[in-house]
Amino acid sequence: MANMIDINDVWKIYDVGGEKIEALKSVNLQIEIGSFISIVGHSGSGKTTLLSILGGLTKPSRGSVKIDGTEIWNLNDRQLSAMRNRKIGFIFQFSSLIPTLRAIDNVALPVIYANGHGKTSRKETYEYAAELLSTLGLGRKLQSFPSELSGGQQRRVSIARAFINRPTIIVADEPTGDLDAQSEGEVMEFFSRINEQDKTTFLLVTHNLALARMTDKVHSMKDGMLTHS
Amino acid sequence: MNISQTSLALQNLARRTFRTYALLLAIAIVSGAIFSTSTLMWGVNSSLNKGLSKFGADLLVVPKGSMISMKSALLTGEPSLFYMEGGIMEKIASIKGVKSVSPQLFLTSVDGDCCVMGNAFIIGFNPKTDFTVLPWLEEKKERPFQMDDVIVGASNSYNVGDTLFFYGQNLTVYGKLGRTGVGLYDNAIFMNIERAYVMAEQSHNTPNVKPLKLVRGQVSAVLVQTEVGAKIPFISFTISKDPDVKVITAGNIITSVRQNLVTLFGSTLVLSFVLILANALMISAIFSTIVNERKRELGILRAIGASKISIFKLIVSEAAMLTSMGGALGVFLGIVIMRVYQRTIIFNLKALNMPYLWPPVESIIMLASIAIAAAVVVGVAGAFYPALQGSRLQPYDAIRAGE
Ligand SMILES: Nc1ncnc2c1ncn2[C@@H]1O[C@H](COP(=O)(O)OP(=O)(O)OP(=O)(O)O)[C@@H](O)[C@H]1O
Ligand SMILES: [Mg+2]
């Protein structure tokens with residue numbers, strides 16, 4: 001099967017006051033279309049750095065990052081932004097909602113950058129946003145502002161947002177970190193369903209080994225290096 | 001359910017109300033000042049042009065000593081009391097290119113108690129040769145202008161049909177002039193020049209009035225209309241050979257008032273531009289703070305697909321919305337203040353020898369649009385650099401910035 005994600009010899013070196021921090025050291029990772037993989041690793045091992053490189057948010061110091069055959073770090077800003085908008089759904093490790101927008105608007109937000117792509121009407125977008133929020137147990141919180149939601153609820157709103165443009169890849173950085181066991185189960189169930197239905201590729205970073213074992217493949221990260229288990 | 005780049009920008013403005021209002025007011029003050037100043041300038045300028053062109057005389061010949069006061073007379077309505085011999089009219093009429101010549105006689109007693117009524121002055125004119133007074137009548141008259149008739153300028157409170165009493169004479173208001181913007185005309189009471197001579201003579205016999213120092217045949221000014229294509233400088237030069245008279249051209253009056261305009265408003269305008277610059281710098285400083293505060297959000301927007309250009313536009317449009325609202329508020333306040341203080345404003349302009357007519361609505365709309373457009377430019381220019389910085393943030397770094 002073709003690779004959805006193909007990462008080769010990727011390095012990320014931060015320069016902090018003259019000191020070089022090697023956050024990623026020659027990382028290689030191939031992920032097939034429609035697979036659901038997880039990455040585990042200690043804090044500071046480079047998981048978020050890796051996700052943000054393949055999510056088009058940080059430029060690697062060197063190496064190749066291909067998504068669906070496209071070398072993403074060779075794209076211009078407009079193309080890369082379009083890629084982030086349509087192909088990738090990014091779920092951040094920390095709260096990432098826009099405080100001035102209601103939950104439903106936060107979920108629908110990516111659509112304003114889609115420039116009419118996908119041809120969904122505004123009405124359909126909002127219907128889908130409401131559906132996503134309901135699926136994640138927030139059917140009664142559509143009109144709430146982020147400040148009126150609990151940490152776990154905010155997290156679920158940002159999960160819903162990642163799905164609004166029906167991306168082909170979901171990149172999730174500890175998405176269930178602040179959820180209780182039940183919510184976590186619901187979210188994982190939702191992920192699996194989308195994964196099966198739409199052949200969406202999932203890349204999940206988690207500290208929860210039990211959760212990781214439920215995925216197709218577990219990779220572990222240590223000191224900026226990825227090992228496959 | 002109406003999310004868009006615009007609503008995002010608006011919601012951002014709504015988030016920090018105090019800051020938004022303070023900025024709005026700062027912009028409003030500057031745009032309001034610029035709008036009001038330019039409206040007043042425009043008013044003076046257009047009333048000059050309008051007044052003098054409609055005035056209909058290409059040249060004005062006056063006794064030598066009255067040159068300076070004559071200019072101010074035309075504009076603000078203080079007549080001069082110098083006279084010259086009427087015989088000059090024939091000489092002028094014989095110059096090649098002169099179409100018509102008509103005399104005017106300004107009457108007022110030295111201490112102004114006989115015929116100055118409030119702000120009104122008496123001007124004698126010759127209805128047979130006139131080409132500057134009668135065309136200004138508000139309505140067409142069935143009967144001709146007669147010996148005991150007077151015509152009142154637009155600023156007078158008399159109405160058609162009223163009776164005025166001068167030097168033992170009953171005079172009837174025959175008609176009223178439209179507003180000319182020429183101070184002298186707007187304040188005047190026009191009577192037949194013949195009647196004026198008679199009145200001057202009678203002033204010597206009337207008890208309790210100062211006699212008018214005026215001899216039949218003398219005139220205060222001769223209005224000259226030239227033929228189309230006539231060489232005005234040549235005519236002016238020929239008339240000026242007479243050492244006792246001076247020639248005033250319309251252009252020459254406009255120039256002298258324009259100089260006043262420039263001194264008065266020029267400094268205001270310079271100040272306005274300084275203020276505009278200060279406004280732009282202030283916007284720049286504040287938007288740079290805003291971009292810093294919102295780094296994380298901008299990073300998130302980038303992560304969900306906003307391009308650098310969208311981020312740039314978001315910040316710039318936020319500034320432009322703010323400053324255009326400020327500009328509109330300024331224009332509104334400017335109009336309100338000019339309306340409330342219009343008497344004072346016109347009075348003060350007059351004191352500076354400046355005639356004033358409100359510019360036509362189209363011009364006011366145009367000036368308002370320019371003031372608002374200038375405010376938008378201030379917003380765009382001010383937010384340009386902060387917006388550029390905001391758009392250049394690496395998404396991941398921006399997101400981390402807030403943690
Ligand atoms: N912008 C940055 N500047 C400097 N160093 C950075 C930057 N981002 C990450 N690092 C460093 O890179 C390393 C990897 O960080 P990263 O955030 O990828 O870890 P992580 O595996 O996601 O950790 P956690 O589980 O705590 O989220 C860390 O040592 C971190 O300090
Ligand atoms: Mg992390």
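Helices here are DSSP runs of H or I that hold at least four residues, and they are numbered from the N terminus. Keep that in mind as we look around this model, which is a predicted one.

**A helix and a buried serine**

Let's start with Ser52(A), which has its place in helix H1 of chain A. Is Ser52(A) buried or exposed? Buried means under 20% relative accessible area, and Ser52(A) has a relative accessible area of 0%, so this serine counts as buried.

**Around ligand 1**

Helix H1 of chain A turns up again when we look at ligand 1. H1(A) gives 3 residues to the shell around this ligand, the largest share. Which residues come nearest to ligand 1? Out of the 16 residues around the ligand, they are Ser43(A), Lys47(A), Thr48(A), Thr49(A) and Gln93(A). Sorted by class, the shell holds 9 polar, 4 nonpolar and 3 charged residues.

| Residue | Atom of ligand 1 | Distance |
|---|---|---|
| Tyr14(A) | nitrogen | 3.3 Å |
| Lys47(A) | oxygen | 2.7 Å |
| Thr48(A) | oxygen | 2.6 Å |

How much of ligand 1 does the protein cover? On its own, the ligand has 640 Å² of accessible area, and the protein covers 76% of that. As for the space ligand 1 takes up, that is the second largest pocket. Why do we call the site shared between chains? Because residues from both chain A and chain B surround ligand 1.

Now for a bit of backbone. Most residues other than glycine have a negative phi. Asp9(A) isn't a glycine, yet its phi is positive, near 50°. You'll find Asp9(A) in strand S1 of chain A, and at 34% relative accessibility it counts as partly exposed.

Lys199(A) is another residue other than glycine with a positive phi, this time near 55°. Where does Lys199(A) lie? Look in the loop of chain A that runs between helix H6 (181–198) and strand S8 (201–205).

Definitions and conventions: Residues numbered from 1 in each chain as written. Chains lettered and ligands numbered in written order. Predicted model: local features only at pLDDT ≥ 70, side-chain atom pairs only at ≥ 80, totals over all residues. Heavy atoms only, no water. Near = heavy atom within 4 Å. Polar contact = N/O pair within 3.5 Å; in protein donor to acceptor, adjacent residues only side chain to side chain. Areas by Shrake-Rupley, 256 points an atom, 1.4 Å probe, with all protein chains shown as cover. 1 Å grid on protein atoms, 1.4 Å probe; cavity = no way out; pocket = protein on both sides within 12 Å on 5 of 7 lines; lining within 4 Å. Sits in = over half its atoms within 2 Å of the grid points. Helix = DSSP H or I, 4+ residues; strand = E, 2+ residues; numbered from the N terminus. Nonpolar A, V, L, I, M, F, W, Y, C, P; charged D, E, K, R; others polar. Buried < 20%, exposed > 50% of the residue type's maximum accessible area, 1.4 Å probe, protein only.
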